[in-house]
Amino acid sequence: MDNFTMLQFFEWYCPADGTLWNHFKNEAPRLKNLGIDSAWLPPAHKGMEGPESSGYDSYDLYDLGEFDQKGSVRTKYGTKQELIEAIAAGQEAGLQVYCDIVLNHMGGADEKETVPVKEVTPENRNEFVSDTFEIEAYTKFTFPGRAGQYSQFVWDYQCFSGVDYNASTEQSAIYSIQNQYGDGWQDVLDLENGNYDYLMLSDIEFRNPHVRQELKNWGEWFVETVNCDGFRLDAIKHMDPAFFNEWLDHLRGKYQKEFYTVGEYWAPYDLGSMLAYIEATDKRVSLFDAPLQANFFRASKENEHYDLRTILDETLVQTMPELAVTLVENHDTQPLQSLEQTVEGWFRPMAYAIILLREAGYPCVFYTDLYGSKYKDKGNDDQEHEITLEKLDVLETLLYVRKKLAYGTQHEYLDDINCIGWTREGDDSHENSGCAVLISNHENASKTMFVGQQHAGKTFVDYLNFVTEPVTIGEDGNAEFKVNGRSVSVWGIQSAS
């Protein structure tokens, strides 16, 4: 089997010009040639911000850029037809295409309703600070622009468990809706803020059986409309895991298809909760390795003071590698975004070497590292900042090494605070395969490492060209490999390049 690699084919600041679907359609063959095997596309439905929406503010799940709603027909990324053609083009190029599914909340309701609520303490949502009273809330979704096409389901306050705005008093607070399905929050695994069921906007009520059925109906319609290969699930730490068990089982059973699924349970310093989610969903979904991304962030900030021997500690890829999707960055952690935890540029090549060239994990490459990005936005200081993210020059080489060379038995050399390495012996299925990787976060360094006696006498070179002198493998299968300070070198057979 060849190594598989995912690409997140968007970032938060993609231009809101409706071109992303066509961009992916045009890029698909090149991505496959680079060593990308699957692409995660952003939410395809119409958000409450219409043509400006990144899709995480779900308005109408059935509007994929087809109806004149929220100020446009198209979404930020294009039209429904362009989406369908882009997915088909990706699959024709040999890529699997995963679609982003945002079912935790909805926003931009069409009408207000009088809703019975109790106010809660934001820091402890289990603590009610009022008796039941009525507010005016934006909780009725009738989708007049779609006029009942595909689904006539009307969402009202019985479909939601909480809101954060009282339209009659123009007051913002967190309100628990007192509907017929429950007078408190739903059980979720994350205990931050007492209960983290409520995240934003109108929080979907999964205890309502009509809601669950409508979302299963929508799932069928979506799969049959766009023909995707899998899903990325948004904000799952704020949702009852039983819902996605039911939803995924329904779709997988009906279509007899795997629908590879990765969930965003973003808990960088709480691996235990992530493992609890995996247990609650009986390993139905993979998870992004948020703790590993946090380790990369810390390593990039602490420079030579970071102990590289601990880079894999308390991570999903170390604990449950078969369900770990490893990453260096995403649209939430990039500069000026909600979960900003950006890995410094000097460390990014090392982080990518770790996720791409080691045995365990399913790596996900971030869009800006392949294409670069330049944008302006306000930061937490309320000042506007201009951000430039350079594309990572070594990334294409690392993808090549992953696809061609990084196979076979892995030998670990995680034995020095400032310099770690590992080797892969190669296998019979990939000609000239095998490699050695060395990382330093401080000074120039070297390490004797074993690549296998089958490589005795062969010449290895640094594919990244940071170290120019070649290395000859000894009769015992060992060689002394070098790395420059604050750098990474990736050694492989000279003729393979």
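## Annotated binding site

UniProt positions are given here in the numbering of this structure, with shortened feature names, and such annotations may be inferred rather than shown by experiment. For "binding site", an unreviewed UniProt entry lists N104, D197, D203 and H238. These residues are spread over 135 residues of sequence, yet they cluster in space, with a largest C-alpha distance of 9.4 Å. Of these residues, H238 is included in the lining of the largest pocket. On a 1 Å grid over the protein atoms alone, a pocket is an open set of points where a 1.4 Å probe fits, with protein on both sides within 12 Å along at least five of seven lines; lining residues have an atom within 4 Å of a point.

## Basis of the model

This is a predicted model, in which local features need pLDDT of at least 70 and side-chain atom pairs count only at pLDDT 80 or more, while totals for chains, interfaces and linings use all residues. Residues are numbered from 1 along each chain as its sequence is written, and side-chain values use heavy atoms, with hydrogens and water left out.

D197 sits in the loop between strand 11 (171–177) and strand 12 (202–204). Helices (H or I, at least four residues) and strands (E, at least two) are DSSP runs, numbered from the N terminus. D197 counts as buried because its relative accessibility is 2%, where buried means under 20% relative accessible area with a 1.4 Å probe and protein chains only. Not counting residues up to four places away in sequence, D197 touches N104, S161, W185, Q186, V188, D203 and H238; contact means heavy atoms within 4.5 Å.

H238 is placed in the loop between strand 13 (230–233) and helix 4 (241–255). H238 is also buried, with a relative accessible area of 6%. A polar atom of the H238 side chain lies 2.7 Å from the backbone oxygen of Y196.

## The barrel

A closed barrel of 8 strands runs 1-2-5-13-14-15-16-17, with parallel pairing. The twist averages 25 degrees from one strand to the next. Two strands pair if DSSP finds at least two bridges between them. Strand 15 (residues 286–288) and strand 16 (residues 324–327) run parallel and are joined by 2 bridges. F288 has V325 in strand 16 as its bridge partner.

Note on methods:
Axes fitted to C-alpha atoms, helices over the stretch in contact; angles between N-to-C directions. Buried < 20%, exposed > 50% of the residue type's maximum accessible area, 1.4 Å probe, protein only. Polar contact = N/O pair within 3.5 Å; in protein donor to acceptor, adjacent residues only side chain to side chain.
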